[in-house]
Amino acid sequence: MMILMLSNFIILILSNILMLLSILISKKSFNDREKCSPFECGFDPKSMARIPFSMHFFLITVIFLIFDVEIALIFPMIPLFKKVNFLTWSLISIFFFLILLLGLYHEWNQNMLNWTY
């Protein structure tokens, strides 16, 4: 019982020393004007709040998020390959990839992937 308490105390002291060390080491010695601003994006927060942004950046972000979610949906299909019927697995996979390709074709057809008009 005493050994357990002693080891917990040593672990607590060691973790606190490491946290204090990391705080001391990670202190920045200089302050940028951009880093001190609330947005950290280079825009002056006291100027126009409604600066127009490019719609292409927004569309690329949405496309990235869609494909990111789709990758998260594809990953569980890999371990299921050995557990389910091959015909069922292949039909579901083909259907899923067909939806992806049709969405990509629709975005391409609507000129959402072009950077210049």
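What follows is a walk through the fold, confidence, helices and surface of a predicted model.

Residues are counted from 1 along each chain as its sequence is written, and side-chain values rest on heavy atoms, with hydrogens and water left out. Since the model is predicted, local features need pLDDT of at least 70 and side-chain atom pairs count only at pLDDT 80 or more, while totals for chains, interfaces and linings use all residues.

The protein has 4 helices and 0 strands, where helices (H or I, at least four residues) and strands (E, at least two) are DSSP runs numbered from the N terminus. From that end, the order is α-α-α-α. The mean pLDDT (the predictor's confidence in each residue, from 0 to 100) is 78, and 74% of the residues score at least 70. Where pLDDT is low, predicted coordinates should not be read in detail.

Of the 117 residues, 10% count as buried; buried means under 20% relative accessible area, exposed over 50%, and partly exposed in between, with a 1.4 Å probe and protein chains only. Areas come from the Shrake-Rupley method with a 1.4 Å probe, and for residues only the protein chains shown count as cover.

Helix H4 (residues 86-109) has 24 residues and reaches 34 Å from its first C-alpha to its last, close to the expected 34 Å; the expected span is 1.5 Å times one less than the number of residues. Its buried residues are Ser-90, Ser-93, Phe-96, Leu-100 and Glu-107, and they pack against helix H3 (55-74). Just past H4, Asn-111 takes a positive phi of about 60°.

Over in H3 sits Ile-63, which counts as buried because its relative accessible area is 12%. Leaving aside neighbours within four places in sequence, Ile-63 is in contact (heavy atoms within 4.5 Å) with Glu-107 and Leu-113. Ile-63 and Met-112 are 49 residues apart in sequence, yet 9.6 Å apart in space, C-alpha to C-alpha.

On the surface, Met-55, Phe-58, Val-62, Ile-66, Phe-67, Leu-101, Leu-104, Trp-108 and Leu-113 make up a nonpolar patch with about 810 Å² of accessible area together. H3 and H4 each supply at least two of its residues, with the largest share, 5 residues, coming from H3. One of the patch members, Val-62, lies in helix H3 and counts as partly exposed because its relative accessibility is 30%. Patches are built from residues with over 30% relative accessible area and no salt bridge, joining like charges within 9 Å and nonpolar side chains (Val, Leu, Ile, Met, Phe, Trp, Tyr) within 5 Å. A salt bridge here is a side-chain nitrogen of Lys or Arg within 4 Å of a carboxyl oxygen of Asp or Glu.
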